[in-house]
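Me: I have a structure open and some quick questions about it. Can we go through it piece by piece?

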Amino acid sequence: MENFRIQMARWDEYAILKTAREEGFNMGMEEGLKATDKGIEIGMEKKSYEVVKNLLAANNFTITEIANLANVTEAFVKKVRRDLKK
């Protein structure tokens, strides 16, 4: 019976460690995915910024037209325009 208790204690320890590792791995994966999503979001914003900047430089479009062409808000276009004036 004592042997059985020792084996159960070892099994419990193993199960706890395995669960902790799995949870840590899952948390790491979640954080990694969040970081990837954030990186994609930043990259898309940079690209939109460049597109808007180029359309503003062309000086042939209204703010509304640029927003529609670049698929951004008019506020974003105005922000880029303010940045360029600095």
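Me: Start with Val-72. Buried or exposed?
Reply: Val-72 counts as buried, at 18% relative accessibility. Buried means under 20% relative accessible area, exposed over 50%, and partly exposed in between, with a 1.4 Å probe and protein chains only.

Me: Where is the place of Val-72?
Reply: Val-72 sits in the loop between helix 2 and helix 3. Helices here are DSSP runs of H or I with at least four residues, strands are runs of E with at least two, and both are numbered from the N terminus.

Me: What kind of model is this?
Reply: This is a predicted model, where local features need pLDDT of at least 70, side-chain atom pairs count only at pLDDT 80 or more, and totals for chains, interfaces and linings use all residues. Residues are numbered from 1 along each chain as its sequence is written, and side-chain values use heavy atoms, with hydrogens and water left out.

Me: Back to Val-72. How far apart are Val-72 and Val-52?
Reply: In sequence, 20 residues. In space, 8.7 Å from C-alpha to C-alpha.

Me: Which residues are in the largest nonpolar core?
Reply: That core has 11 residues, and both Val-52 and Val-72 belong to it. A nonpolar core is a set of buried Ala, Val, Leu, Ile, Met, Phe, Trp, Tyr and Cys residues joined through side-chain atoms within 4.5 Å.

Me: Which helix gives the most to this core?
Reply: Helix 2, with 4 residues.

Me: Zoom out. How many helices and strands are there?
Reply: The protein has 3 helices and 0 strands. Along the sequence the pattern is α-α-α.

Me: And how much of the protein is buried?
Reply: Buried residues make up 14% of the 86 residues.

Me: New topic. How many salt bridges?
Reply: The count is 4 salt bridges. A salt bridge here is a side-chain nitrogen of Lys or Arg within 4 Å of a carboxyl oxygen of Asp or Glu.

Me: Why do such side chains pair?
Reply: Side chains of opposite charge can pair when their charged atoms come close.

Me: Which residue forms a salt bridge with Glu-41?
Reply: Lys-38 does, with the closest N and O atoms 3.7 Å apart. Glu-41 and Lys-38 are 3 residues apart in helix 1 (residues 2-58), so about one helical turn separates them. Glu-41 is partly exposed at 45% relative accessibility, and Lys-38 is partly exposed at 44%.

Me: What about Glu-50?
Reply: Glu-50 meets Lys-53 in a salt bridge, at 3.4 Å from N to O. Both lie in helix 1, 3 residues apart, about one turn of the helix. Glu-50 is partly exposed with a relative accessible area of 37%; Lys-53 is partly exposed at 28%.

Me: And Asp-83?
Reply: Asp-83 forms a salt bridge with Lys-79, with the closest N and O atoms 2.9 Å apart. These two lie in helix 3 (residues 74-85), 4 residues apart, about one turn of the helix. Asp-83 is partly exposed at 24%, and Lys-79 is partly exposed at 34%.

Me: Which residues are linked in a network of salt bridges?
Reply: Lys-79, Asp-83 and Lys-86.

Me: Now phi. What is phi of Asn-59?
Reply: Near 60°, a positive value in a residue other than glycine. Asn-59 lies in the loop between helix 1 and helix 2. At 67% relative accessibility, Asn-59 counts as exposed.

Me: Last one. Where is Arg-82, and is Arg-82 buried or exposed?
Reply: Arg-82 is found in helix 3. Arg-82 counts as exposed, at 51% relative accessibility.
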